[in-house]
Amino acid sequence: MKLNELTAHEILTLIKAKKTSADEIYDAVLGRIDQCDKDVRAYVRLRGAQMDSDGANGNASQPLPIAIKDNICIRDVETTCCSRILTGFKPPYDATIIAKLKNAGVPIAGQTNMDEFAFGSSTENSCHGPTRNPWNLACVPGGSSGGSAAAVAAHEAIWAIGSDTGGSIRQPASFCGVVGLKPTYGRVSRYGLIAFASSLDQIGPITKDVTDAAILLNIIAGYDPKDSTSVDLPVPDYTRALINDVKGLTIGIPKEYFVEGIDPEVNAAMMSSIEVLKKCGALFKEVSLPHTEYAVATYYLVATAEASSNLARYDGVQYGLRLQPSQVRKTALMDMYEETRDIGFGREAKRRIMLGTYALSSGYYDDYYLRGLKVRTLIKNDFDQVFTQCDAILTPTAPTTAFKIGEKTNDPLAMYLSDIYTISVNLSGVPAVSVPCGFSREGLPIGLQIITKPFDEETLFRLAYTYEQNTDWHKRKAELKTYAKVK
Amino acid sequence: MISEKDVRYIAGLSRIHLRDEEIESLTKDLENILHYVKKLEKLDIAHVNPTSHVLPLKNVYREDTITPSLQQSEALRISGETSKGSFKVPKVIE
């Protein structure tokens with residue numbers, strides 16, 4: 001077994017027994033990146049030999065190289081959200097989770113590819129071009145944290161960090177056959193996470209198994225006075241929630257999630273997953289989330305409105321790209337703003353800024369943005385109601401397996417609908433995890449989503465761990481080959 | 001539902017200079033998306049309060065204590081153009 005293919009907890013056991021060293025682990029990870037990142041293209045920037053100096057006092061106590069999504073600020077290291085508008089931006093500070101990783105002695109392997117500003121579900125909207133899915137290089141890895149999920153699936157990192165606004169950790173985890181967790185809104189500090197939609201964004205782990213997700217959440221969770229939306233609640237030791245027993249837990253299956261549009265293979269994998277957990281003693285009941293069909297529409301009003309406001313800061317003045325206007329149309333200042341933002345933002349970023357600005361503009365605010373906020377209340381109430389009847393909700397993570405590169409790029413709406421099962425979770429602020437639960441005939445991974453009450457990540461871990469201990473999907477390895485689709 | 005004139009107006013509010021070919025395709029994209037979100041009109045929301053935020057948090061205060069902050073020189077170091085300890089912008093008044 002190669003070191004880079006092990007999980008974080010397996011490596012920690014080897015280190016304790018003095019059976020490996022930091023240098024051996026770095027060599028294995030760097031060697032793998034050298035060997036295969038030209039095909040996968042998970043990373044946009046590598047730390048290389050500097051990796052070792054990231055840990056506390058340059059002495060990594062947990063030498064487990066981590067991949068960081070390119071929207072989380074690392075002091076003095078270029079961080080761009082894979083957007084031209086942040087070209088050359090070297091943050092003068094560390095995001096809180098970066099400081100926590102450095103304090104824990106976890107070295108940073110590099111920064112991973114993403115849809116520009118996390119706007120997308122395929123990692124195709126990156127100024128660096130798409131990342132490839134390690135299970136089939138002709139397919140997308142999902143998105144927006146596609147680079148982080150692909151790096152873990154291809155064993156180019158031991159584990160990774162992503163961010164999730166509408167499914168951006170869970171959907172790529174599902175497409176790449178790894179574990180992806182979106183913690184409760186407020187559980188992890190967003191200080192230093194470059195904002196997309198502030199009422200929805202959350203940082204979380206992408207790992208090879210559930211145990212690693214618990215170890216990583218232990219490192220990054222907790223209250224931070226620098227993020228006024230982080231919540232001052234005690235952080236439990238999540239590894240203590242890794243219990244292989246779900247007897248007595250009641251799991252709700254929302255009837256609205258198993259209707260039109262779901263791939264039959266995804267549906268079949270879900271049905272077998274339910275059987276696995278039933279055998280382990282979980283009780284199942286049908287529940288209803290009646291406003292599910294409105295979630296995508298609500299999300300694209302609320303998220304774009306917030307994004308248009310958050311992205312107003314990119315004006316060419318304080319940091320990032322600054323262009324001189326090619327011609328004078330308005331004033332020199334206005335022309336500088338408009339030229340910089342025209343060249344700096346990609347197509348999807350422009351589309352979302354425009355949609356959000358429209359939804360917030362005078363005369364349309366009540367009809368669009370305010371209506372979106374009200375329907376959000378109905379969606380959140382659905383979850384509150386269902387959680388009076390059960391401990392957790394089980395759904396597919398995505399309605400299909402990974403699609404082909406280029407398949408949905410000309411149809412933004414079709415792309416948005418690939419997040420149909422993940423979006424309501426962000427609108428409601430609850431935690432959710434995606435774990436591998438099967439493969440299609442074409443060999444593409446399928447993900448199972450588990451959702452629990454706010455701040456009940458422990459039940460999430462208990463269910464995910466029990467499922468994982470009673471299946472072996474997480475042990476399969478991606479082959480990094482290109483396959484023509486059977487269909 | 002949304003015209004090219006609307007799109008030009010929104011582009012102005014967004015401070016983005018759009019080329020003519022972009023206007024046409026964005027108008028079509030926005031038209032499709034706005035048509036899709038129309039489905040929210042089916043719901044009766046007259047007595048529903050808006051949710052802008054899921055946490056029961058409001059007015060998060062902290063003690064007004066002096067702590068180290070970002071140095072002026074560090075903030076200016078990452079800017080494209082500076083002058084005499086300030087960010088520099090093009091002429092505002094012609």
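The legends below describe close-up views of a predicted model.

**View 1. A salt bridge between the two chains A and B.** A:Arg347 and B:Asp29 form a salt bridge in which the closest N and O atoms are 3.2 Å apart. A:Arg347 belongs to helix H10 (residues 347-360) of chain A, and B:Asp29 to helix H2 (residues 20-37) of chain B, so the pair joins two chains.

View 2. The side chains of A:Asp384 and A:Lys380 meet here at 3.3 Å, N to O. A:Asp384 counts as partly exposed at 39% relative accessibility. A:Lys380, at 19%, counts as buried, because the limit for a buried residue is under 20% relative accessible area.

**View 3. A network of salt bridges in chain A**. A:Arg329, A:Lys330, A:Asp335, A:Glu338 and A:Glu339 are joined into one network by salt bridges that share partners. Over all chains, the count comes to 31 salt bridges.

**View 4. The salt bridge of A:Arg75 and A:Asp76**. The closest N and O atoms of this pair are 3.4 Å apart.

**View 5. The largest cavity and its lining**. A search of the whole structure finds four cavities of 30 Å³ or more, and the largest cavity holds about 70 Å³ of space. Its lining includes the glycines A:Gly120, A:Gly143, A:Gly166 and A:Gly167, together with A:Ser121 and A:Ser168. A:Ala118, A:Phe196, A:Tyr299 and A:Tyr300 also line the cavity, as do A:Arg352 and A:Asp419. By type, the lining residues divide into four nonpolar, six polar and two charged.

**View 6. A nonpolar patch on the surface of chain B**. Which residues form this patch? B:Val89, B:Val92 and B:Ile93 do, and together they have about 280 Å² of accessible area. B:Val92 is placed in the segment after strand E2 (86-87) of chain B. The relative accessible area of B:Val92 is 46%, so this residue is partly exposed.

Note on methods: Residues numbered from 1 in each chain as written. Chains lettered and ligands numbered in written order. Predicted model: local features only at pLDDT ≥ 70, side-chain atom pairs only at ≥ 80, totals over all residues. Heavy atoms only, no water. Patch = residues over 30% accessible without salt bridge, like charges linked within 9 Å, V, L, I, M, F, W, Y side chains within 5 Å. Areas by Shrake-Rupley, 256 points an atom, 1.4 Å probe, with all protein chains shown as cover. Salt bridge = Lys/Arg side-chain N within 4 Å of Asp/Glu carboxyl O. Helix = DSSP H or I, 4+ residues; strand = E, 2+ residues; numbered from the N terminus. Buried < 20%, exposed > 50% of the residue type's maximum accessible area, 1.4 Å probe, protein only. 1 Å grid on protein atoms, 1.4 Å probe; cavity = no way out; pocket = protein on both sides within 12 Å on 5 of 7 lines; lining within 4 Å. Points joined across faces, edges and corners; volume = space filled by probe spheres on them. Nonpolar A, V, L, I, M, F, W, Y, C, P; charged D, E, K, R; others polar.
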